[in-house]
Amino acid sequence: MHRTAYLLLADGRFPSGGHAHSSGLEAAVAAGRVTDLAGLEQFLHGRLSYAAPVTAAFTAATHLSAARTGSAPSATESDVTVPFLSLDRELEARTVSPALRLASRRQGRALLRAGRNTWPSELYGQLPKHPDGPHQPLALGVTAAAAGLSTEEAAQIAAYGVLTGPASAAVRLLGLDPYQVQNLLARMAGACDEIAAAAAAVAHKSPQELPAHAAPLADISAELHATWEVRLFAS
Amino acid sequence: MRADHAYDHDETVPHTHPEPGVDPHPPLPQLDRAVRIGIGGPVGSGKTALVAALCRALAGQLRLAVVTNDIYTTEDADFLKRAGVLDSARIRAVETGCCPHTAIRDDISANLDAVEELEDALGPLDLVLVESGGDNLTATFSKGLVDQQIFVVDVAGGDKVPRKGGPGVTTADLLVINKTDLAPLVGADLAVMDRDARARRGTLPTIFQSIAQDPHASQVAAWVRHVVAHSRGLGHAGAQGDSHAHSRTHAGAEGHSHADAQDRGPAPAGVR
Ligand SMILES: Nc1nc2c(ncn2[C@@H]2O[C@H](COP(=O)(O)OP(=O)(O)OP(=O)(O)O)[C@@H](O)[C@H]2O)c(=O)[nH]1
Ligand SMILES: [Mg+2]
């Protein structure tokens, strides 16, 4: 594996559609729940505690399945696709809001497009077909496998992305000092690493046993946000 | 059934042949999919008005769809629907996360998805227009998203805009200077804009128009037909007879054309 591949996939400039998503921050800002750096810090801690464990664990589990099937050429078609189908269903069940399901699939589709062009591989074909695309963590897991990354690295990129998306949206929406926002991310790095390590450690479990944290307010906000007439972010 | 003349290689449209008699086109490789034309430019310059005008002019001739990047997620679609120029099923809106130029240049995935969704839902298309969100003079489309791009500025933004240049003015395949009807009201000197556009753009074409006076944007529509014809490889085929008989509207000598719009309704208030 190449260390640079890891940086490429983790980079916010990797063209995978993320810039159009605020992960709920736009709704939180409009509701007056996030107005400054302290509010952003709370928001990101929330994301880290409910979204990151699920996202990172499903990314890691997908990566592990993809890496396994990739190294087992004799595997039958159903050996290959069943784990992905079950990961897809389990993540769908954990994503209550239809708006967030769509946001996840759209980002997954965008990531898949970027991944296929960046690290061509047969692995992508294993993901279950869906008109809106695969869920983002599944797309990330497979892309990380195609890029030759480890399960730990895949989980790390997933947890990191849960933070950086809304952080950069906050800079754009609230005009926050970009240095202070980077400082905040640096202070959260340890917590982010822990989430990633925990996710990688459960990657071998069956999809049913993967983390299932939820945040009802985020689901409700996402549903309301999807109905706005003027919207800068897709979610 | 679409009218055949939609595919004519129409030499009355403003474009440039530096070597008279030799067609330097096609700018496009022959495509087996819809031609994608990006329409960019500053806020309020008339991008949506141009999209609506092109729909009026072309929807009966070409299988057409539109992708918008406006922050009003339904505004443009509603406008086009109200104007009765395009069915809302043929329009998709894309959110750009405060970064209209990112969505058309650096990370084009959402726009590509929208184009593909339209093609999946509607079947094969001839032309997809992608309107960018209003942005600044540096915003241009990625070649991974569109085949050709039109940059729309207006005279009300000041006659200095072409002189300022920037990638939009300098490199767009077609520069449209819109709202010429307002020139006397805002004290804009069209001759200055014309001179500066030529200086910035070399041989690339520029069209002066007023959609207020020409709701079918006749000259731009003719340019678009020309691009579509080239993308089908018809530009060189000669199937339409002597398609390279340069008409008087073809400003060959200067390699730059502000075409007359004869046979195309009222002449817009352009620069001659
Ligand atoms: N007088 C005059 N007004 C025009 C002309 N073309 C467009 N307008 C008006 O200019 C305003 C802005 O036009 P739009 O087409 O919405 O501009 P836009 O570039 O799509 O704007 P954004 O998408 O918001 O960046 C509208 O009120 C139009 O009616 C023209 O040729 N002359
Ligand atoms: Mg517009």
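The following dialogue considers how several terms apply to a predicted model.

Student: What is the secondary structure of chain B?

Tutor: Chain B has nine helices and seven strands. These elements are DSSP runs numbered from the N terminus, helices being H or I with at least four residues and strands being E with at least two.

Student: Why is Ser132(B) called buried?

Tutor: Buried means under 20% relative accessible area, exposed over 50%, and partly exposed in between, with a 1.4 Å probe and protein chains only. Ser132(B) has 3% relative accessibility and therefore counts as buried. Its place is in the loop between strand 4 and strand 5 (148-154) of chain B.

Student: Which residues does Ser132(B) touch?

Tutor: Contact means heavy atoms within 4.5 Å. Not counting residues up to four places away in sequence, Ser132(B) touches Ile39(B), Gly40(B), Gly41(B), Lys47(B), Asn69(B), Ile104(B) and Phe141(B).

Student: What makes strand 4 of chain B mostly covered?

Tutor: Strand 4 spans residues 127-131, and five of its five residues are buried. In a regular strand the side chains alternate between the two faces of the sheet. Here Leu127(B), Leu129(B) and Glu131(B) on one side are buried, as are Val128(B) and Val130(B) on the other.

Student: How do you know that strand 4 of chain B pairs with strand 2 of chain B?

Tutor: Two strands pair if DSSP finds at least two bridges between them. Strand 2 (residues 64-68) and strand 4 of chain B are joined in the parallel sense over five bridges, and Val66(B) has Leu129(B) as its bridge partner. Five bridges also join strand 1 (residues 35-40) of chain B to strand 4, again in parallel, with Leu129(B) as the partner of Ile37(B).

Student: Is Ala183(B) buried or exposed, and why?

Tutor: Ala183(B) has a relative accessible area of 6% and is therefore buried. This residue lies in helix 7 (residues 183-186) of chain B. Ala183(B) touches Val155(B), Ala188(B) and Leu190(B), residues up to four places away in sequence not being counted.

Student: Why is His130(A) called partly exposed?

Tutor: The relative accessible area of His130(A) is 32%, so the residue is partly exposed. His130(A) is found in the loop between helix 5 and helix 6 (136-146) of chain A.

Student: What makes a space a pocket, and which residues lie nearest the centre of the second largest pocket?

Tutor: On a 1 Å grid over the protein atoms alone, a pocket is an open set of points where a 1.4 Å probe fits, with protein on both sides within 12 Å along at least five of seven lines; lining residues have an atom within 4 Å of a point. The second largest pocket is lined by 16 residues, of which Arg109(A), Leu112(A), Arg116(A), His130(A) and Gly133(A) lie nearest its centre. Helix 5 (98-118) of chain A and helix 4 (109-122) of chain B are the elements that give two or more residues to this lining.

Key: Residues are numbered from 1 along each chain as its sequence is written. Chains are lettered from A and ligands numbered from 1 in the order in which they are written. This is a predicted model: local features need pLDDT of at least 70, side-chain atom pairs count only at pLDDT 80 or more; totals for chains, interfaces and linings use all residues. Side-chain values use heavy atoms; hydrogens and water are left out.
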